[in-house]
Amino acid sequence: MQFHKYQGTGNDFVMIDDRARAFDETDQPLIARLCDRRFGIGADGLILLRNKPDFDFEMVYFNADGRPSSMCGNGGRCTVAFAKHLGLINSETRFLAVDGPHDARVEPDGTVRLRMIDVNAPIEAEIGEDDVFLHTGSPHHIHFLDPEEGHKLAEFDVYGAGHDIRYDQAYDPVGTNVNFVEVPADPAHAWPVRTYERGVENETLSCGTGVTAVALAASQRGAVSPVRLQTMGGELEVSFEQQPDGGFANVWLSGPATRVFGGEV
């Protein structure tokens, strides 16, 4: 079986051209083994690229635990780059993902811009003071660190705190992704973000739907579109239009998406 390895700001994926529908998507142990960083290729998730009528392609995403998952923003951008590598698209595309149709563009410098779904206004989370929740194709809990208490994101226990919130009964039965944000002194500067991802069950270097959620929530704290987000794996940008009802439309996630290597297993 041929595979390709892609990464978007450190969020990495095993890519498989499955237009022939030869991959057994029900084999969760196989998917988990391919994503295993010690016994497999190593990745945060696995993505199948398939044919889909009326679209350029379909993206089918699985978490590193082998289970089907909700939308992955960086995975979507990497799938677009993969489709261009395969010669399926040029600079623009429209594809189908689990949360519906997506438009995307590959810029001359290699930046991949992905249009996300429209998003409802942030709601107050059931746990945490001043925490909010948004669904940007995947569920995201957002916790802003209190600068007055001297909390620094670089020193924060993302795994411990993220694990506790991800499995809190407030988010039963499916759980949630958890984002921790350090508020910059100037809202125009990049907002540092670290994310605990369900399915990976650990911190990842970047999360596309997560930074999208953070950017939209940050608009309530002075951030203006486009918002720059600094992840452990690099910088992403989110632009949007805020609606009269507090929701968001025309949401675009932008950043690099790079092929790392390919091979056979």
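Me: What counts as a helix or a strand here?
Reply: Helices (H or I, at least four residues) and strands (E, at least two) are DSSP runs, numbered from the N terminus. By that definition the protein chain has four helices and 17 strands.

Me: And how does the radius of gyration compare with the globule rule?
Reply: Taken over C-alpha atoms, with the rule being 2.2 Å times the number of residues to the power 0.38, the radius of gyration is 18 Å, close to the 18 Å that the rule gives for 265 residues, so the protein chain is as compact as a globular protein of that length.

Me: What is this model based on?
Reply: This is a predicted model, in which local features need pLDDT of at least 70 and side-chain atom pairs pLDDT 80 or more, while totals for chains, interfaces and linings use all residues. Residues are numbered from 1 along each chain as its sequence is written, and side-chain values use heavy atoms, without hydrogens and water.

Me: How much of strand 12 is buried?
Reply: Six of the seven residues of strand 12 are buried, meaning under 20% relative accessible area with a 1.4 Å probe, protein chains only.

Me: Which strands does strand 12 join, and in what sense?
Reply: Pairing requires at least two DSSP bridges; strand 12 runs antiparallel to strand 11 over four bridges, with Y196 as the bridge partner of V178, and parallel to strand 14 (residues 227-231) over two, where P192 stands opposite Q230. Strand 13 is antiparallel to strand 12 over three bridges.

Me: What sits between strands 12 and 13?
Reply: Four residues separate the two strands of this hairpin, and G199 in the turn has a positive phi of about 85°.

Terms used
Buried means under 20% relative accessible area, exposed over 50%, partly exposed in between (1.4 Å probe, protein chains only).
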